[in-house]
Amino acid sequence: MKRLRSLAGLTGAALLMAIPYAAAPAQAAVPKQVDSAVIVTESLPLGHFVTAVAIKYTTRVDTLGAPVPTSAFTVVGTRTSSVNGAVTTAPRTVVRAYTNDEPERAAQGTRGKYLILELSTDDANAGALQYTGGINNPYQLSYSVTQTADVLDARGRLELAASALPVTTTSTVTPIVDDFLAATFTSTAGQALNYRLFVPEAYRDKPRAKTFYPMVVFLHGGGERGLNNLSQITANQGATAFADPSRQATDPSFVLAAQVPAPPAGQGWTTPAIQAALIQLIDSLVADYPVDPDRLYLTGLSLGGIGSFDILPRYPTKFAGAIIIAASGDPARMPLMKDVPIWVTHSVDDPTVSYTNGSLRLVNALEAAGSVVVRDTWPGNLPEPEADARALALWQQAQAAGSHTLFTTYAAGTTPVSAHWSWVPTYLNDTMIDWLYAQERANGASCDATVRTSSWSGGFSGAVVVTNTGTKPIADWTVSWQAGAGQQVTSAWPGTLSQSGTTVTVSAPAFSSSIQPGKSLSIGFNATGTAGTSAPAVTVNGAVCG
């Protein structure tokens, strides 16, 4: 499906109305019989909407090119609140009608068993989510369609007969969203975390191929907390922008969208148990799927942006890059993540998360810590080609300046719907997403490590064995671990040994400076003191080995 993503394309007024057919006596024919009907919902830039009803017929519908009049159909939608059970029923506005071979909208329909009735997203009852108490909850949906006039083909023959009996929908389809797997992960501490995972089609088709893919980790905002395991991928395009077929065609990748549980209230991505569960979930997926550990990406908005600015200082070598939107955080921790490539966006007039005390303050702290920052301001409602061009110019400016820290400010009064919604122009910006996929963790390390020791009178000897579990060589390796109390490493081979306090570091010699994929490096050492009873954590080039 070609992505129908333009802001202009979201309003019923901008969609082409079908031309009513001229009245003519219907010739004798056998009209098509209805098989079923489904609701079509979509995650669009401005939210989750019921965008169409798809009626399936038992045989192919073919009007021979004659337009299907929108006036021939009456659509009524019923929404039931999942919060309080309230039921509302109201008509919907049909703005286009055409045949298709799949139950989804299309810029250009084709002959098939489906009749697509596109609906205006300007309708008051178009939304598929109920925002109550700061949380988005999905409505339970039911629609009925009544055909009030015959539909003829181009030769004047009856193709679809009018009927007083309404057709009632039996299910809902949501393109792109339906391709996300649904699961629950439980951390070692017992924290459950619902999540959705998009698996690239190339891997689904050839799971045994020796191909590794990036993975984008999306952190949702405060309104998507809950237990439904759905609203985090429907309320906005934070996840679907990366799973869209047009993006997957150029950048096939896994997309992970976990959900902060609620109740209890007040939890977020900075909650220690939830953050630890998220990191364990990421590590488990990297172990279970062919995910390139050097191309892990992070993106988050609002609550998720705050989480991003909390996670990156804790795990500065884990992610290759991040897009962070409408966020705040602790400026004192910014030096810890100054080497991480990030693109920050925020509306200057954001009424929910302060621009001045949030993103601006954090970016200034990164600059004070030594990051080269490039900045620009443009309207959040620019046409997409113009916004892409502005983003490309900023990217080129960053390359010229040797910068990996980019900051886009959206001018006051220009962000669609709400000044807090700076994720709308961000996830619509193909250049920003291109930039993210262009990042790769420099000299990253994906590894396993074991430590063996053997005691002798007055000291002990040992070996640290590091195995490269990634897909690329680990070049110019530096291996570190923590010595126990009273331990002093006196020699190590191969490599150059240093010890500062309890931190032991061995740097690669010139003759053996890389660890090839699937291969192991063994570092022998002698030390004084008493060998510990538990193995210390080992890092390679700053990354913790599993």
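Student: Which helix and strands each supply at least two residues of the lining of the largest pocket?

Tutor: They are helix H4 (272-288), strand S18 (291-301), strand S23 (447-456) and strand S33 (543-544). Helices (H or I, at least four residues) and strands (E, at least two) are DSSP runs, numbered from the N terminus. This is a predicted model, in which local features need pLDDT of at least 70 and side-chain atom pairs count only at pLDDT 80 or more, while totals for chains, interfaces and linings use all residues. Residues are numbered from 1 along each chain as its sequence is written, and side-chain values use heavy atoms, with hydrogens and water left out.

Student: What share of the lining of the largest pocket comes from H4?

Tutor: H4 gives the largest share, five residues. By class, this lining has 16 nonpolar, six polar and six charged residues. Ala, Val, Leu, Ile, Met, Phe, Trp, Tyr, Cys and Pro count as nonpolar, Asp, Glu, Lys and Arg as charged, and the others, Gly among them, as polar.

Student: Why is Met-337 called buried?

Tutor: Its relative accessible area is 1%, and buried means under 20%, exposed over 50%, partly exposed in between (1.4 Å probe, protein chains only). Met-337 is therefore buried.

Student: Which residues does Met-337 touch, not counting residues up to four places away in sequence?

Tutor: Met-337 touches Phe-309, Leu-312, Pro-313, Ile-342 and Leu-366, where contact means heavy atoms within 4.5 Å. Met-337 itself lies in the loop between strand S19 (321-325) and strand S20 (342-347).
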